[in-house]
Amino acid sequence: MASPVRQAAHWAIRGYQLTLSGLVGRQCRHLPSCSEYTDEAIQRHGFWAGGWVGFSRICRCGPFGTSGLDLVPETLPPGSAWYKPWSYGRWRGVNAPAITCESVEPDGG
């Protein structure tokens, strides 16, 4: 069962998605959207660490930021600690799975 803080964060994000997100417009450059990413990060890593992971993603989602597939990391970065909140976030690049030759389908032609 999720902690009350995680549940409150989930419902706050869900409230944003149902209200303000429609007014701002769906302009996220990533998949999943920044609000979905932040919600998943908080559910997976807790409010403090997941909140910083989500905040770093929101900071990357701008006109000159990253774009494309960006998944929530399975584990927190090595060396991250509660007293170094910036160490939780990935401030550059995306966390997309690597594309290998084995995962690409041949054209068949």
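This is a predicted model: local features need pLDDT of at least 70, side-chain atom pairs count only at pLDDT 80 or more; totals for chains, interfaces and linings use all residues.
The protein contains 4 helices and 2 strands. Along the sequence, these elements follow the order α-α-β-α-α-β. The chain has 109 residues, and 29% of them are buried. The accessible surface amounts to about 7500 Å². Carbon and sulfur atoms contribute 63% of that surface. Contacts were also examined by separation along the sequence. Among contacts with a separation of 6 or more, 70% join residues 24 or more positions apart.

Attention then turned to one helix pair. Two packed helices are described by the angle between their axes and by the distance between the axes. Helix 3 spans residues 34-45, and helix 4 spans residues 47-60. Their axes come within 7 Å of each other. The crossing angle is roughly 160°. Angles over 145 degrees count as roughly antiparallel, so helix 3 is roughly antiparallel to helix 4. The crossing of helix 3 past helix 4 is right-handed.

The residues in contact can be named on both sides. Helix 3 contributes Cys 34, Tyr 37, Thr 38, Ala 41, Ile 42 and His 45. Helix 4 meets them with Phe 47, Ala 49, Gly 50, Gly 51, Val 53, Gly 54, Arg 57, Ile 58 and Arg 60. By class, the contact between helix 3 and helix 4 comprises 8 nonpolar, 5 polar and 2 charged residues. Gly counts as polar in this grouping.

Methods:
Residues are numbered from 1 along each chain as its sequence is written. Side-chain values use heavy atoms; hydrogens and water are left out. Buried means under 20% relative accessible area, exposed over 50%, partly exposed in between (1.4 Å probe, protein chains only). Contact means heavy atoms within 4.5 Å. Accessible areas come from the Shrake-Rupley method with a 1.4 Å probe; for residues, only the protein chains shown count as cover. Axes are lines fitted to C-alpha atoms, for helices over the stretch in contact, and angles run from 0 to 180 degrees between N-to-C directions. Angles under 35 degrees count as roughly parallel, over 145 as roughly antiparallel, 65 to 115 as roughly perpendicular and the rest as oblique. A crossing is left-handed if the near helix is turned anticlockwise from the far one by less than a right angle, and right-handed if clockwise.
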